[in-house]
Amino acid sequence: MNFKIKEEVKLVLDHLSNNGFESYVVGGCVRDKLLNKKPKDWDVTTSAKPENIIKLFRNFSVVPTGLKHGTVTVIINKYNIEITTYRIDGEYIDNRRPENIKFTASLKEDLSRRDFTINAMAYNEEQGLVDFFGGQRDLNRRLIKCVGDSYKRFSEDALRMMRAVRFSCQLNFDLDETIFSGIEKLINNLDYISKERIRDEFFKALDSNNPEKIILFYKTKIIKYVFPEMFILIDENKLKIALRAINSIVDIKDKVYLKLTLFFIEIINNKEQIKSIPIDRILKKLKLDNITIKYTVILLENSFLNINEDKICIKKILNKIGDDLFCDLLIIKEAIFTLKTDINKSEKIEIFERIKMVYNDIKNNKECYNKSCLNINGKDLMDLGIKEGKEIGIIIDKLVDYIIYNPKKNNKKSLAEYIKNANYN
């Protein structure tokens with residue numbers, strides 16, 4: 001097995017071992033290495049108690065990040081490594097975290113408390129892979145399965161139900177049948193989970209390379225806890241179309257609002273209904289950042305606009321939503337158009353390529369389509385006799401509309417003449 005451990009992490013393992021303690025890399029990093037992926041984080045589990053860890057690594061920066069749960073963070077070469085003592089969890093009284101923990105000398109007991117078999121493996125160079133619960137087998141079977149009884153695992157931490165579906169999306173794995181039965185019995189416990197946690201799990205799935213797997217949020221009814229206000233609108237056919245559209249833009253990273261917009265467009269699927277549903281309030285409940293909410297709402301409200309190759313059409317939309325969101329709206333429209341028309345793929349691509357060419361032509365010619373590029377301002381208007389106040393803004397908007405139709409008139413003389421003839425002063 002080619003299992004190269006990050007240098008700083010190996011230093012931690014060696015230092016613990018040389019001082020008489022067992023230690024292993026554990027959890028997600030082991031899973032990722034077995035899948036030939038680069039681990040995002042490296043976690044270490046050890047028989048050493050927190051006080052031993054702090055003492056052993058006193059020559060490094062040590063942060064007691066979670067002493068209550070036996071976790072110490074050691075910083076080596078600016079890299080954070082979480083080291084956690086073997087432990088047994090106490091009672092879970094809030095459906096999320098154990099009230100207390102108890103240290104143990106048994107690696108097996110520590111691994112037995114973890115969520116899924118694929119996350120319950122450990123490794124070090126002396127012992128190799130330690131896999132008490134069939135995690136490697138389930139990796140090979142591309143299966144998400146709980147360690148032990150799914151009812152017990154989900155009773156301990158209700159968020160694990162969402163994590164199961166999220167891992168299915170991220171890894172393109174199936175869910176074990178026992179996970180479905182566990183979720184069916186305990187889904188109401190998601191009421192105890194914070195909106196931030198629910199949001200994070202759903203958005204990790206939405207931003208994965210396999211968004212089509214999000215259908216599992218619907219089949220398990222977990223989607224009701226993400227968007228309770230919209231649950232009645234969601235059906236499997238609508239969701240499948242939405243996920244196919246999302247899948248077509250899967251390579252768009254850091255723009256999760258695009259995928260969210262496509263999700264809402266297909267689920268609501270009606271211009272008037274979009275106006276009536278308070279999407280901004282729904283997203284605020286999920287504690288989303290203001291930019292994601294703003295962009296999603298703007299794109300959704302403009303998703304039914306007809307965009308064609310006409311310059312005036314494009315400039316009007318640019319004036320309304322700006323350059324960045326215009327390009328995003330094109331991505332949205334292309335994804336929907338590609339799914340819902342019978343035109344062959346090359347013709348579909350050609351239509352949007354022509355629109356992009358017209359847009360680039362507008363930009364290259366520096367044609368004006370908003371007030372920022374208008375060659376007249378508020379002071380100029382007051383010099384022409386327009387009274388200061390709301391009327392100036394109204395006139396500026398009318399001038400922009402005039403210039404969209406008459407791009408060569410974007411100069412002070414022509415604009416002043418237009419104001420005079422329109423009898424604005």
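The accessible surface of the chain comes to about 21,800 Å². Carbon and sulfur atoms hold 46% of that surface. Areas were computed by the Shrake-Rupley method with a 1.4 Å probe, and for residues only the protein chains shown count as cover. The model is predicted: local features need pLDDT of at least 70, side-chain atom pairs count only at pLDDT 80 or more, and totals for chains, interfaces and linings use all residues. Residues are numbered from 1 along each chain as its sequence is written, and side-chain values use heavy atoms, with hydrogens and water left out.

The chain has 22 helices and 11 strands. Along the principal axes, the C-alpha atoms fill a box of roughly 90 × 50 × 40 Å.

Of the 425 residues, 49% are buried. Buried means under 20% relative accessible area, exposed over 50%, and partly exposed in between (1.4 Å probe, protein chains only). Among contacts in the chain with a separation of 6 or more, 65% link residues 24 or more positions apart. A contact requires heavy atoms within 4.5 Å.

Seven strands form an open sheet with mixed pairing, in the order β3-β4-β5-β2-β1-β8-β9. Its edge strands are β3 (61–66) and β9 (128–130), each pairing on one side only. Neighbouring strands are turned by 30° against each other on average, direction ignored. These angles are between N-to-C directions and run from 0 to 180 degrees, with axes as lines fitted to C-alpha atoms, for helices over the stretch in contact. Two strands count as paired if DSSP finds at least two bridges between them.

β3 and β4 run antiparallel and are joined by four bridges. G66 stands opposite T71 in β4. Four residues lie between these two strands, and G70 in the turn has a positive phi of about 80°. β4 (residues 71–76) in turn pairs with β5 in the antiparallel sense, over six bridges. T71 stands opposite T84 in β5, and V72 has I83 as its bridge partner there. This second hairpin has two residues between its strands; N77 in the turn has a positive phi of about 50°. β4 is mostly covered, with five of its six residues buried.

β2 and β5 (residues 79–85) pair in the parallel sense over four bridges. Here D43 has E82 of β5 as its bridge partner. β1 (residues 23–26) and β2 (residues 43–46) run antiparallel, again with four bridges. V25 is partnered by V44 in β2.

The cysteines were also examined. The structure holds zero disulfides. C169 is in none, and the nearest cysteine sulfur, that of C146, is 16 Å away. The cut-off for a disulfide is a pair of cysteine sulfur atoms within 2.5 Å. C169 is buried, with a relative accessible area of 0%. C368 is buried too, at 2%.
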